Amino acid sequence: MSFVSEFRAFAMKGNVVDLAVGVIIGASFQRIVDSAVKDLFMPIVGRLVGGLDFTNYFIRLGDPPPGYSGPMTYEALTKAGVPLFAYGSFITVALNFLILAFVIFLMVKQINRLRREEPAPPPAATPDAAPEDIVLLREIRDALQRPAAPETPR
């Protein structure tokens with residue numbers, strides 16, 4: 001088997017194709033979640049805790065370059081090359097992860113609910129399925145209910 005045909009067989013396996021589709025959809029889904037966190041949830045969280053913007057919570061680990069006269073925001077200082085301990089950005093990413101995990105949990109839960117099949121009804125009771133002592137008791141009952149055979153003289 002040549003290298004090209006072996007690689008083709010590997011790449012066309014169902015698991016590899018499924019994984020590729022999952023990665024592509026996951027990357028697109030990440031953009032949706034990032035937007036949801038940045039544009040929807042973080043403004044609400046910021047409003048609830050007094051107008052906080054978590055992305056501008058940081059600790060400078062160095063001074064700006066000499067002659068820097070820009071704003072002291074996370075974006076401006078990062079562009080200027082100032083080392084920052086950006087715990088606010090970490091909080092945003094952690095919230096992003098929690099929201100993403102929750103959404104995936106809901107999706108998997110829904111998929112599992114849809115896949116769940118109704119349990120099969122129990123099989124109808126048949127005499128063969130009864131325990132041996134029950135079968136024996138039924139035979140005795142049936143024998144007692146039959147009319148007695150006439151006795152023949154000896």
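Is tyrosine 57 buried, partly exposed or exposed, and at what relative accessibility? Select it: tyrosine 57 counts as partly exposed because its relative accessibility is 27% (buried is under 20% relative accessible area, exposed over 50%, partly exposed in between, with a 1.4 Å probe and protein chains only).

Before you click on, some ground rules. This is a predicted model, where local features need pLDDT of at least 70 and side-chain atom pairs count only at pLDDT 80 or more, while totals for chains, interfaces and linings use all residues. Residues are numbered from 1 along each chain as its sequence is written, and side-chain values use heavy atoms, leaving out hydrogens and water.

**Stop 1: the rings**

A search of the whole structure turns up 3 aromatic pairs (rings of Phe, Tyr and Trp, the last by its six-membered ring, pair if their centres lie within 6.5 Å; planes under 30 degrees apart are stacked, over 60 edge-to-face, the rest tilted). Tyrosine 87 is partly exposed, at 33% relative accessibility.

Now pick phenylalanine 58 and tyrosine 74, another tilted pair, 6.4 Å centre to centre and 50° between the planes. Phenylalanine 58 is in the loop between α2 and β1, and tyrosine 74 is in helix α3 (residues 74-79), 16 residues apart. Phenylalanine 58 counts as buried at 17%, whereas tyrosine 74 is partly exposed at 24%.

**Stop 2: asparagine 56**

Go to asparagine 56, in the loop between α2 (14-48) and β1 (59-60). Asparagine 56 is partly exposed, at 35%. Leaving aside residues up to four places away in sequence, asparagine 56 touches Thr73 and Tyr74 (contact means heavy atoms within 4.5 Å). Draw a C-alpha to C-alpha line from asparagine 56 to threonine 73: 6.1 Å in space, though 17 residues apart in sequence.

**Stop 3: helix α5**

Finish at leucine 137, in helix α5 (residues 132-145). Leucine 137 counts as exposed, at 55% relative accessibility.

Notes: Helix = DSSP H or I, 4+ residues; strand = E, 2+ residues; numbered from the N terminus.
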